[in-house]
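Subject: Structure for your review

Dear colleague,

Please find below the structure that I am handing over to you. My findings follow directly after it.

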Amino acid sequence: CNRLVVRKVAAGDESRRALTGAQYKLYQNVPGENGGTALVEITNTADRLQPMWIWDPNTGTGEASCLSVGDYTLVETRAPYGYTVAKPVTFHMDEYGTVTVGGKACETLDGAPMLFAEDVPTKFTFTKAELFRESCAKNAGQTRILPGVTFTAYEDAQLTKVIGTAVSDESGTVTFTALPLKDYRGEGTET
């Protein structure tokens, strides 16, 4: 039986430290109708001779065993806190137990192929500008960019649970990263 180990990591993190909280499903790609491909979910089974998939969201790792030669798709169904759901990863398992993604062989760990599934932190960006309000100003009704303004993001409408701060850059752009996807409140706190 061929094995595969999967670890959820942050994109660009060279330490490849596992991220917890993700959920994954593994599918075998089989011939479908009209020449297409159907996905058959691989689950945890008591039959040790059948393909098996076990994912642990608490450790950010999973293992597939008894995989036959063929193509498979790994699908993230929930991303870790502060990350976006990754695109599905399709890989090929050959007769020697080598796993390739896009034609490139995966590295091995303890004799098993190791697939590093990468997630990208969520990113929220906006530009801070203000409207010229002076009616006698030459630029009345136009906007101007405001660099150097500190913004605070809050998790609640009462503006009591701070989740992060960011400062507008020279182009007025403010970026918050690694926030889970949900509604937030914010305010400019300094200029």
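Glu 76 and Lys 8 are both buried, where buried stands for a relative accessible area under 20%, exposed for over 50% and partly exposed for the range in between (1.4 Å probe, protein chains only). The model is a predicted one, in which local features need pLDDT of at least 70 and side-chain atom pairs count only at pLDDT 80 or more, while totals for chains, interfaces and linings use all residues. Residues are numbered from 1 along each chain as its sequence is written, and side-chain values use heavy atoms, with hydrogens and water left out.

Salt bridges

The side chains of Glu 76 and Lys 8 form a salt bridge, at 3.6 Å from N to O. This pair connects distant parts of the chain, since Glu 76 belongs to strand S6 and Lys 8 to strand S1, 68 residues apart. Strands here are DSSP runs of E with at least two residues, and helices are runs of H or I with at least four, numbered from the N terminus. A salt bridge requires a side-chain nitrogen of Lys or Arg within 4 Å of a carboxyl oxygen of Asp or Glu. In general terms, side chains of opposite charge can pair when their charged atoms come close.

How many salt bridges does a search of the whole structure find? The search finds four. One of them joins Arg 3 to Glu 63, with the closest N and O atoms 2.8 Å apart. Arg 3 is partly exposed at 33% relative accessibility, and Glu 63 is partly exposed at 34%.

Another salt bridge is formed by the side chains of Arg 16 and Glu 107, at 2.7 Å from N to O. Because Arg 16 is in the loop between S1 and S2 and Glu 107 in the loop between S9 and strand S10 (108-109), the pair ties together parts that are 91 residues apart in sequence. Arg 16 is partly exposed, with a relative accessibility of 32%, and Glu 107 is partly exposed at 41%. Salt bridges with shared partners also join Lys 8, Glu 76 and Asp 119 into one network.

Aromatic residues

The charged end of Arg 16 also sits over the ring of Phe 116, 4.1 Å from the ring centre; this description applies if NZ of Lys or CZ of Arg is within 6 Å of the ring centre and within 35 degrees of the ring normal.

Three aromatic pairs are found in a search of the whole structure. In one of them, the ring centres of Trp 53 and Trp 55 are 6.0 Å apart and the planes stand at 20°, so the pair is stacked. Rings of Phe, Tyr and Trp (its six-membered ring) count as a pair if their centres lie within 6.5 Å, with planes under 30 degrees apart termed stacked, over 60 edge-to-face and the rest tilted. Both Trp 53 and Trp 55 are buried. Together with Tyr 24, Trp 53 and Trp 55 make up one aromatic cluster.

The six-stranded sheet

Six strands form an open sheet in the order S3-S2-S6-S7-S8-S9, with antiparallel pairing. Strand S3 (37-42) and strand S9 (104-105) are at the edges, each with a single partner strand, so one side of each has no neighbour in the sheet. Two strands count as paired if DSSP finds at least two bridges between them.

Strand S2 (residues 23-31) pairs with strand S6 (residues 70-78) over six bridges in the antiparallel sense, and Leu 26 has Leu 74 as its bridge partner in S6. Six bridges also join S2 to S3, again antiparallel, and Leu 26 stands opposite Ile 42 in S3. S2 and S3 form a hairpin with five residues between them, and Asn 34 in the turn has a positive phi of about 55°. Strand S8 (residues 99-101) is joined to S9 by two bridges, running antiparallel, and Val 101 stands opposite Lys 104 in S9.

Two individual residues

Asn 2 lies in strand S1 and is buried, with a relative accessible area of 18%. Leaving aside neighbours within four places in sequence, the contacts of Asn 2 (heavy atoms within 4.5 Å) include Ala 64, Cys 66, Met 93 and Tyr 96.

Tyr 184 is in the loop between strand S17 (173-177) and strand S18 (185-190) and is partly exposed, with a relative accessible area of 23%. Not counting residues up to four places away in sequence, Tyr 184 touches Tyr 154, Glu 155, Ile 163 and Leu 179.

With kind regards
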